[in-house]
Amino acid sequence: MSDRLPAEYLPPLPAQVDAVLAAVGYELATAIDAVDDEVPGFGGLFDPATAHGELRDALERLQSSDLTRPAVPEPTTDGFVLYVDGSSRGNPGPAGAGAVVLDTDGTELARLGRPVGSRTGNNTAEYVALQLGLTELTTRYDPRSVEVRIDSMTVIRDVWGGDDPTEPGVDAYSDAVAELLAGIPDHRYTHLADSDPNPADALATVGADIAAIGPQ
């Protein structure tokens, strides 16, 4: 299994799903398909008919399997666009992070998502989403430039404005993001308004759905 990115507290079942996600490079659809194929009968990860024991056994089988990352698509440019978003139900509550990687020609290269924590705030989820997207971008490619499209002014003020993080407990994520961006010669952000489309939003929502699975 691949090394996992750090997360907030996750109950056992969401933590096992996160381990499967790490093994496939946080490609959300790949992980969900793998889990659904492993669950007996017609159930799946989000099927209410799937018993917690069935899901646990399926996840354990996947964690001991040879599950690997899917092939990495070739970009058409050395510049990238990264959409990121975090989602928290209850703020704090079950939270997820999502990221979508495109090249500057608009070719979609990755759709990433993961659970963040079961009692996590939205701002923390936003930091995790940015770390997730940048980590996978720099793992897969050698980006010379990236435009990060993000709606969190809290994260923008910290990362690009030089402010100290105001959200408690995000220093590790903030430091990791700064280190990742330092390796990209040209990086900038575009602030997304609430009305702007963000393809990472749906992925973050699924991540929050995963964080809410099973006994909390």
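Partly exposed means a relative accessible area between the buried limit of under 20% and the exposed limit of over 50%. Arg61, at 37%, is therefore partly exposed. The model discussed here is predicted.

Arg61 pairs with Glu38. Their side chains form a salt bridge, with N and O 2.6 Å apart. The two partners are 23 residues apart and link distant parts of the chain. Glu38 belongs to helix α2, residues 28–38. Arg61 belongs to helix α3, residues 52–63. Glu38 has a relative accessibility of 28%, so Glu38 also counts as partly exposed.

**Other salt bridges**

The count of salt bridges comes to eleven. Three of these pairs are set out below, including the one just described.

| Pair | N to O distance |
|---|---|
| Glu38 and Arg61 | 2.6 Å |
| Glu136 and Arg140 | 2.9 Å |
| Arg149 and Glu147 | 3.0 Å |

Start with Arg149 and Glu147, whose side chains meet in a salt bridge. Arg149 has a relative accessible area of 22%, so Arg149 is partly exposed. Glu147 has 14%, which is under 20%, so Glu147 is buried. Elsewhere, salt bridges with shared partners join Glu27, Arg69, Glu136 and Arg140 into one network.

In general, side chains of opposite charge can pair when their charged atoms come close.

**Helix α3**

Back to the helix that holds Arg61. Helix α3 has twelve residues. From first C-alpha to last, α3 reaches 16 Å, close to the 16 Å expected at 1.5 Å a residue.

Which residues of α3 are buried? They are Leu55, Ala58, Leu59 and Leu62. These four cover an arc of only 95° around the axis, so they lie on the same side of α3. Their cover includes α1, residues 12–23, and α2.

α2 is part of what covers the buried residues of α3. α2 also holds Glu38, the salt-bridge partner of Arg61 in α3.

Notes:
Residues are numbered from 1 along each chain as its sequence is written. This is a predicted model: local features need pLDDT of at least 70, side-chain atom pairs count only at pLDDT 80 or more; totals for chains, interfaces and linings use all residues. Side-chain values use heavy atoms; hydrogens and water are left out. A salt bridge is a side-chain nitrogen of Lys or Arg within 4 Å of a carboxyl oxygen of Asp or Glu. Helices (H or I, at least four residues) and strands (E, at least two) are DSSP runs, numbered from the N terminus. Buried means under 20% relative accessible area, exposed over 50%, partly exposed in between (1.4 Å probe, protein chains only). The expected span of a helix is 1.5 Å times one less than its number of residues. The arc is that of the directions from the helix axis to the C-beta atoms. Contact means heavy atoms within 4.5 Å.
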